[in-house]
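Biologist: I want each label tied to its cut-off. Take me through them one at a time.

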Amino acid sequence: MMPHRLLFLLLLLLLVSACRPKTQGGTAMSAAFEKSERRAEGQYDLDEIRRGGELIIATLSGPDTYYDYHGMPMGHQYALAEDFAEGEGLKVRVEIAPDTAALLRMMVDGEIDVLALPLPAEELKRAHLEMAGVRDSTGASWGVKPSAQGLAAALRDWYDVEVEDRVEKTEVQRVRMVHHVSRRARAVYLSQERGIISVYDDLFKQAAVTTGWDWKLIAAQAYQESAFDPNARSWAGAQGLMQLMPRTAAELGLAPNEVNNPRRNVEAAARYIQKLTGQFSDIRAAGERIKFVLAAYNGGAGHIRDAMALTRKYGQNPQRWDDVSRYVLALQQPAYYRDPVVRNGYMIGAETEDYVRSILRRYEGYGGQALYSRVSQQQPSSSVQTPHNAPKKNKYSSGVPIYAPDDPTFNQMHP
């Protein structure tokens, strides 16, 4: 009888324990809901933000607000928020809204801590928000909830003209360095007579097996990325022959100490190209698909999908790079990067358009098959035109071939 009685007592204790209300702990999801509820109810101030270690801001996408450049957050409003957060020992998380109405709604609903876009005082007042932090020359200001008095006070103590000037100078320097790659450029051809492009040709040929591409196309891409310097490093942190970003390299299984190894770098890049090819498998023509993959390698698949959505919206062919590339360029303009069909906002589209065009031109110079029709005849990226403007006559549309100094054909014409 004794064992049965003991078993009964144990079961009774377990039952009582299970029924007892839990006053501590909880899942990460319940904690997130609690934070959101406390923000919405006005119980979430600077002390709670400090304990969480994260400042959540919301703003609009744009070159002067926030955008993602190869995994590097950029934009003046973001830079200001990061400056404030750094002083408080916080990390910044950014939420992007399609318009100011959505920004105000996110703030009122308690989804964010700071509305990081200067809005007129009347607009903030109507939403029952308080002015705090950054102000522009018109008096427009960032906004916080009136109950977050600790956060509002900290933002007011932090912001002044000196902060604005310091952050602006730093951001200008960052933008100037965006296209900078530290590298020792090699010759565009090692031996044109013998058909040897570089000392890495065997690696490109192996990568061609993985990607299904012509190895000369991969060579042309490698030259565009690093000028065949395995130690090349961009300001944004991309490294190696194929300029892989740290996060991308890690996702591809490439360790930090291997990123400058030519073989490992090219192998990882080939896997990345293979992955992107799968993501754009809906592009039916193989030659067109290559252009989309190159564009995604440079500018990100999300941005290229945005350009395709715009192309479709305006009645052009989203399967054709000549059409889509115009909307890649258009994603530099507010009317397009804030369009409802765009999910990833602003991008430096001119860089991506030029990237694809330059690689295809160099590939053809290497003796590769022409994959484009009008792409080499488009306007240069320094003179972006909107998709609805008719092309103007210029040296790129006159039918006269124009060659870059590192193009083999240029060397033949200018011995």
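Biologist: Why is E288 called buried?

Modeller: E288 has a relative accessible area of 17%. Buried means under 20%, exposed over 50%, and partly exposed in between, with a 1.4 Å probe and protein chains only. E288 is under the limit, so the label is buried. One caution on what you are looking at: this is a predicted model, local features need pLDDT of at least 70, side-chain atom pairs count only at pLDDT 80 or more, and totals for chains, interfaces and linings use all residues. Residues are numbered from 1 along each chain as its sequence is written, and side-chain values use heavy atoms, leaving out hydrogens and water.

Biologist: What makes K291 and E288 a salt bridge?

Modeller: Their side chains meet at 2.7 Å, N to O. The term asks for a side-chain nitrogen of Lys or Arg within 4 Å of a carboxyl oxygen of Asp or Glu. So 2.7 Å qualifies. K291 is buried too, with a relative accessible area of 1%.

Biologist: How far apart are K291 and E288 in helix α13?

Modeller: Three residues, or about one helical turn. An α-helix has 3.6 residues a turn, so residues three or four places apart point the same way.

Biologist: How many salt bridges does the whole structure hold?

Modeller: The search finds 16. One of them joins R166 and D83, with the closest N and O atoms 2.7 Å apart. R166 lies in helix α8 (residues 161-177) and D83 in helix α4, so this pair ties together parts that are 83 residues apart in sequence. Helices here are DSSP runs of H or I with at least four residues, strands are runs of E with at least two, and both are numbered from the N terminus.

Biologist: Why is R166 called partly exposed?

Modeller: Its relative accessible area is 42%.

Biologist: Which residue does D282 pair with in a salt bridge?

Modeller: R305, with the closest N and O atoms 2.7 Å apart. D282 sits in the loop between α12 (262-279) and α13 (286-299), R305 in helix α14 (residues 301-313), 23 residues apart. D282 counts as partly exposed at 33% relative accessibility, and R305 as partly exposed at 31%. Elsewhere, salt bridges link D47, R50 and E88 in a network.

Biologist: Why is the Y66 and Y78 pair called tilted?

Modeller: The structure holds 14 aromatic pairs. In this one the centres are 5.6 Å apart and the planes are at 55 degrees. Rings of Phe, Tyr and Trp (its six-membered ring) pair if their centres lie within 6.5 Å; under 30 degrees is stacked, over 60 edge-to-face, the rest tilted. So 5.6 Å makes a pair, and 55 degrees makes the pair tilted. Y66 is in the loop between β1 (54-60) and β2 (67-69), and Y78 is in helix α4 (residues 76-87). Both tyrosines are buried. Ring pairs also link F84, W142, W158 and Y159 into a cluster.

Biologist: How do you know that K205 lies over the face of W215?

Modeller: K205 is 4.9 Å from the ring centre. The rule wants NZ of Lys or CZ of Arg within 6 Å of the centre and within 35 degrees of the ring normal. K205 is listed as lying over the face.

Biologist: What span is expected for α12?

Modeller: At 1.5 Å a residue, 26 Å, and the 18 residues reach 26 Å from first C-alpha to last. Expected span is 1.5 Å times one less than the number of residues. At its N-terminal end N261 is the cap: a side-chain oxygen lies 3.0 Å from the backbone nitrogen of R263. A polar contact needs N or O atoms within 3.5 Å; within protein, one must be able to donate a hydrogen and the other to accept it, and residues adjacent in sequence count only if both atoms are side-chain atoms.

Biologist: What covers the buried residues of α12?

Modeller: The cover includes α9 (201-211), α10 (215-226), α11 (246-251), α13 and α14. Among the buried residues are A270 and I273. T211, in helix α9, touches both of these and I218, not counting residues up to four places away. Contact means heavy atoms within 4.5 Å. T211 is buried at 11%.
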